[in-house]
Amino acid sequence: LNAVAALWSTWIFGDRLHYLALLALIVERARDPQNPAPELAIVPAVSFLPAILFGPAAGALVDTWNTRRVLVASDFLRGSLVLILIPAAGWGGLPAAFAVVFLLFTANAFFLPARSAILPDLVSEADLVRANSLATLAGGAATILGSLLGGILVERVGWRWGFGIDGATYFVSVAFLAAIRPGQRVRGPRPA
């Protein structure tokens with residue numbers, strides 16, 4: 001159960017750090033840094049549009065795939081994309097950064113259903129309720145800690161380090177997921 005809490009904490013801590021680094025990048029690169037509202041308004045579109053476009057199909061596909069492999073592949077891709085954000089923002093400015101964020105959230109459309117589905121593979125059925133509770137608690141703590149430490153980090157060393165550390169959290173997750181051997185649930189037949 002502690003491993004589940006650590007895994008959930010890593011994912012959520014990195015997400016909070018990423019969000020703060022993205023906000024700092026947008027404020028720095030906005031046409032008017034005193035009023036970055038037009039650029040900030042683009043963030044929900046590039047973040048939620050992939051879920052709307054790809055989420056239903058991604059969820060159905062993930063249900064037929066090996067959940068751990070989906071998580072490993074999506075976290076590796078997400079970590080790589082977060083690190084690509086750093087040079088993309090330098091070379092192509094905010095349009096390039098927003099394109100990478102769109103790709104990141106496209107990978108997220110596959111990650112989220114896999115994350116939801118893997119918990120029963122990691123713990124016994126008897127521990128499932130406790131594991132869900134612990135994952136929720138760890139997620140809440142990681143949100144608070146990630147926001148607090150992320151804000152301090154981004155303020156002191158900048159958004160590049162924020163993205164760099166966020167990228168590292170994805171690769172920590174990849175290593176952890178590659179090392180675990182979840183049990184295989186018997187899944188029902190695929191719907192027609």
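Helix α1 (residues 2-29) and helix α4 (residues 67-122) have axes that come within 12 Å of each other and cross at roughly 160 degrees. That angle makes α1 roughly antiparallel to α4; angles under 35 degrees count as roughly parallel, over 145 as roughly antiparallel, 65 to 115 as roughly perpendicular, and the rest as oblique. Axes here are lines fitted to C-alpha atoms, for helices over the stretch in contact, and angles run from 0 to 180 degrees between N-to-C directions. The crossing of α1 with α4 is left-handed, a term used if the near helix is turned anticlockwise from the far one by less than a right angle, with right-handed used if clockwise. The residues of this contact divide into 20 nonpolar, 3 polar and 4 charged. Ala, Val, Leu, Ile, Met, Phe, Trp, Tyr, Cys and Pro count as nonpolar, Asp, Glu, Lys and Arg as charged, and the others, Gly among them, as polar.

The model is predicted, with local features needing pLDDT of at least 70 and side-chain atom pairs counting only at pLDDT 80 or more, while totals for chains, interfaces and linings use all residues. Residues are numbered from 1 along each chain as its sequence is written, and side-chain values use heavy atoms, with hydrogens and water left out.

The protein contains 6 helices and 0 strands, where helices (H or I, at least four residues) and strands (E, at least two) are DSSP runs numbered from the N terminus. The radius of gyration, taken over C-alpha atoms, is compared with a globule rule of 2.2 Å times the number of residues to the power 0.38. For 192 residues a compact globule would have a value near 16 Å, and the 17 Å of the protein agrees with this. The C-alpha trace spans about 55 × 35 × 25 Å along its principal axes. Of contacts (heavy atoms within 4.5 Å) between residues at least 6 apart in sequence, 86% join residues at least 24 apart.

Buried residues make up 40% of the 192 residues; buried means under 20% relative accessible area, exposed over 50%, and partly exposed in between (1.4 Å probe, protein chains only). His18, in helix α1, counts as buried at 5% relative accessibility. Apart from neighbours within four places in sequence, His18 is in contact with Val82, Leu85, Leu104, Phe163 and Asp166.

In α5, the residues Ala131, Ala135, Ala138, Gly139, Ala142, Gly146, Gly150 and Val154 are buried. The cover over the buried residues of α5 includes α1, α4 and α6 (159-179). Leu134, which lies in helix α5 (residues 128-157), is partly exposed, with a relative accessible area of 24%. The C-alpha atoms of Leu134 and Ala5 are separated by 6.1 Å, although the two residues are 129 residues apart along the chain. Arg156, also in helix α5, is exposed at 67% relative accessible area. Its C-alpha atom is separated by 36 Å from that of Arg69, 87 residues away along the chain. Helix α5 is followed by Gly158, whose phi is positive, near 100 degrees.
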